Amino acid sequence: GTPKELITAQVGDSRVYRLRGGALERITQDQSRIQEMIDVGRRIDGQLLPPDADQVGDPEVDARMTDAQRRVVIQFRNVITRALGRSKVRVDVTRTPIEAGDEFIAISDGVGDCLTDREIEAIAREHSGDPVRISGALVAASQERVKAKEIAQETGRPVDALLDRGKDDDRSAVAIRITKARA
């Protein structure tokens, strides 16, 4: 039949997003040390970590963070708290209502660690309506970030926070477009 919701089951730091009306929304939440710090209201330098602290490297996010906060996020950004293969792992299940025209994007941590949510949104908007191009462009952009970081390191150029997001890891992206949805 015609679906009315998307059900996601997620463990770790791969992500699912919904693009609706040109706006990107993260559907899943990372199971990471940084997300736990955000959830419990961790203070660093007397200030709460911002809800988007995992987006360190994004100039707008960095402008709202202290140097100490950025150091903590960078130190713990790759620490996940749940992973497949561990005994009795808890899986987060999310139900998301869908509408015709919604686009859902699932990415591995190799894409999500390399690109900011803002960059993912820009790529998804640019290729909206073509899930194959969205997926390909996300993987290509993450590969470009890794290559740019490698070149900077090889040539002794400084690696800024955005370039530092380049992480040589698995890079996968899958996008779908909902053409019909049940009310």
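Predicted model: local features only at pLDDT ≥ 70, side-chain atom pairs only at ≥ 80, totals over all residues.
Local features need pLDDT of at least 70 and side-chain atom pairs count only at pLDDT 80 or more, while totals for chains, interfaces and linings use all residues. Residues are numbered from 1 along each chain as its sequence is written, and side-chain values use heavy atoms, with hydrogens and water left out.

View 1. Helices (H or I, at least four residues) and strands (E, at least two) are DSSP runs numbered from the N terminus; buried means under 20% relative accessible area, exposed over 50% and partly exposed in between, with a 1.4 Å probe and protein chains only.

View 2. Contact means heavy atoms within 4.5 Å.

**View 3. The largest nonpolar core.** Among its 19 residues, Ile105, Ile107, Leu115, Ile120 and Leu138 touch the most other members. Such a core is a set of buried Ala, Val, Leu, Ile, Met, Phe, Trp, Tyr and Cys residues joined through side-chain atoms within 4.5 Å. S2, S7, H5, H6 and strand S8 (173–177) each supply at least two residues of this core, and H6 gives the most, with six. A second, separate core of twelve residues includes Ile34, Val61, Met65 and Val73.

**View 4. Around Leu115.** Leaving aside residues up to four places away in sequence, Leu115 touches Ile120, Ile123, Leu138, Ala141, Ser142, Arg145 and Arg165.

**View 5. The lining of the second largest pocket.** On a 1 Å grid over the protein atoms alone, a pocket is an open set of points where a 1.4 Å probe fits, with protein on both sides within 12 Å along at least five of seven lines; lining residues have an atom within 4 Å of a point. Look for Tyr17, Leu24, Glu25, Arg26, Asp52, Gln55, Asp58, Val61, Asp117, Arg118 and Glu121 around this one. S3 and H5 are the elements that give two or more residues to the lining.
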